[in-house]
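Subject: Structure handover

Hello,

Here is the structure we talked about. Please open it first, then read my notes alongside.

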Amino acid sequence: METGIHELTAGYALDALDADERWAYETHLADCERCREELTSFWETTEALAIAAAGPAPNLDLRDRILTAARAERPVVVPLESRRGRFVPVLGAAAAIAAVVALAVGLWATQLSGDLDDARLALERERQAAAVLADPGARTVALEAGEGRLVVDDDGRAVLVLDGLDPAPTGKTYELWIFEGENASPAGLFPGQAGRDWVGLDATVDTGDVVAVTIEEAGGVEVSANDPIIASAPV
Amino acid sequence: MEALSPTAVLAFRTHDSSRNRKPRERVSDLRREQPSWSMRKHHAHLSDEALVAQVARGDEGALGELYDRVGRIAYGLAVRVLRDDRLAEDAVQEGFLAVWGSAASFRAERAKASTWILTLVHRRAVDLVRREERRRTEPLDDETSAAAGGVSEPTDEAAWLRFERERVQAALRQLPDVQQEALELAYYGGFSQSELAQRLGVPLGTIKSRMFSGLARLRELLDESSQEESWKPEFTS
């Protein structure tokens with residue numbers, strides 16, 4: 001195994017990786033039992049570091065605040081779908097931050113459990129989307145067609161927030177596009193859902209790009225012959 | 001003197017530190033500093049992991065019990081990273097809400113519940129501190145001294161906790177200085193490897209190696225010291 005990524009186990013256990021490296025490592029972890037074992041062992045050492053930081057007791061009301069906040073939201077029993085649903089109604093910063101935390105945890109547990117499947121990719125996408133929504137520096141671009149808005153962060157990562165788009169018809173999918181002038185590149189597929197939905201784009205956008213959505217046959221296409229049903233103003 | 005349960009003492013004495021890594025001592029058995037029996041009569045006998053399973057079923061009392069066992073350590077950690085009581089409370093709250101929200105996906109074969117909870121709180125604290133502007137401008141010397149021991153010794157902590165803290169701090173001091181510095185600035189200071197490389201003016205690869213070697217060495221030292229010294233309160237034995 002490559003030494004570099006192996007060494008990252010320590011950085012990961014210490015939460016000392018940058019966001020992109022954290023991703024790379026988590027992806028690696030999925031396929032590397034040796035790193036998972038090493039991480040389990042390093043986490044015991046970081047727990048010792050945590051104990052060594054022991055200080056004054058927290059305020060007595062913190063316990064109540066946590067339990068009150070917990071009461072306000074039910075635990076997520078079905079990992080993916082209900083978690084998604086739970087954060088959709090409110091897209092305020094607090095909710096989006098909570099989504100980031102919850103998704104991170106889901107990913108953590110999924111990867112450690114070893115049952116990896118498409119859920120991981122879906123989670124990664126959701127987590128990135130949540131991070132964009134949580135970013136106070138992200139800006140909003142209006143839609144010229146369709147209901148909703150586009151949220152873009154400083155790095156060009158974009159999330160399309162949609163209101164009232166029905167699920168795609170059976171056998172069809174929604175496909176995202178980034179128009180750079182006349183040239184459209186595919187930027188991911190999504191099934192759509194009733195009510196408010198949000199979906200992260202697979203590629204970043206630049207100033208002047210337009211984000212659009214078409215309906216395509218299941219599986220999507222590289223070049224679309226269909227007119228967009230949703231289109232943003234230029235970014 | 002702090003009351004300690006017999007289980008607690010036993011857990012410390014029988015600490016198994018063979019290289020064949022089994023979960024370490026169950027520190028949570030010791031975290032019963034202020035029992036309030038009415039609150040926990042249904043939960044006190046459960047392991048941390050069983051409590052997480054209860055939390056997954058929506059049992060608030062189980063979440064409260066986990067907080068009673070791990071909350072103080074989690075808060076101490078968050079204060080060390082964030083150096084702000086309010087932010088630290090936020091990090092602990094969000095960490096425990098993450099526990100509440102995702103208990104169903106916890107895998108006990110991969111980590112102890114207390115490790116999992118502390119990992120969640122720590123990551124939250126690190127994410128929060130990295131957004132703070134002040135740390136980008138503050139000299140690293142301040143960070144180093146704060147990370148190395150900015151917290152005054154609490155007077156009301158349990159004896160086991162003080163013992164364990166001193167044991168870990170002693171192990172940290174045995175590391176080569178550059179490794180100790182890398183571990184403390186990363187774990188307590190919230191600095192990423194690339195931030196540290198830049199601020200310390202050394203190659204990123206060097207920082208990565210220091211953290212890896214430092215953490216691996218610390219693990220060895222802790223294993224050794226737990227074999228050598230066992231904490232034996234006078235009032236037992």
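Two strands pair if DSSP finds at least two bridges between them. Keep that in mind for the strands below. Note also that this is a predicted model.

**Strands in chain A**

Start with β1(A), residues 139-145. Strand β1 of chain A runs antiparallel to strand β2 of chain A, residues 148-152, and four bridges join them. Look for A:T140, which stands opposite A:V151 in β2(A). Together, β1(A) and β2(A) make a hairpin, with two residues between the strands. One residue to check in the turn is A:G146, whose phi is positive, at about 95°.

β1(A) has another partner. Strand β8 of chain A, residues 230-232, pairs with β1(A), again in the antiparallel sense, over two bridges. Here A:L143 has A:S232 in β8(A) as its bridge partner.

**Chain B**

Chain B has twelve helices and zero strands. Of its 237 residues, 48% count as buried. Now take the contacts in chain B with a separation of 6 or more: residues 24 or more positions apart account for 68% of them.

**Where the chains meet**

**A closer look at α4(A)**

This helix has twelve residues. From its first C-alpha to its last, α4(A) reaches 17 Å, close to the 16 Å expected at 1.5 Å a residue.

Which residues of α4(A) are buried? They are A:L62, A:I66 and A:A70. Seen down the axis of α4(A), the buried residues fall within an arc of 70°, so they line one face of the helix. They pack against two helices of chain B, α4 (60-82) and α5 (85-102). On the other side of α4(A), the exposed residues are A:D61, A:D64, A:T68, A:R71 and A:A72.

Best wishes

Methods
Residues are numbered from 1 along each chain as its sequence is written. Chains are lettered from A and ligands numbered from 1 in the order in which they are written. This is a predicted model: local features need pLDDT of at least 70, side-chain atom pairs count only at pLDDT 80 or more; totals for chains, interfaces and linings use all residues. A residue is buried if 20 or more other C-beta atoms lie within 10 Å of its own, exposed if 12 or fewer, and partly exposed in between; C-beta atoms are placed from the backbone. Two residues are in contact if their C-beta atoms, placed from the backbone, lie within 7 Å. The expected span of a helix is 1.5 Å times one less than its number of residues. The arc is that of the directions from the helix axis to the C-beta atoms.
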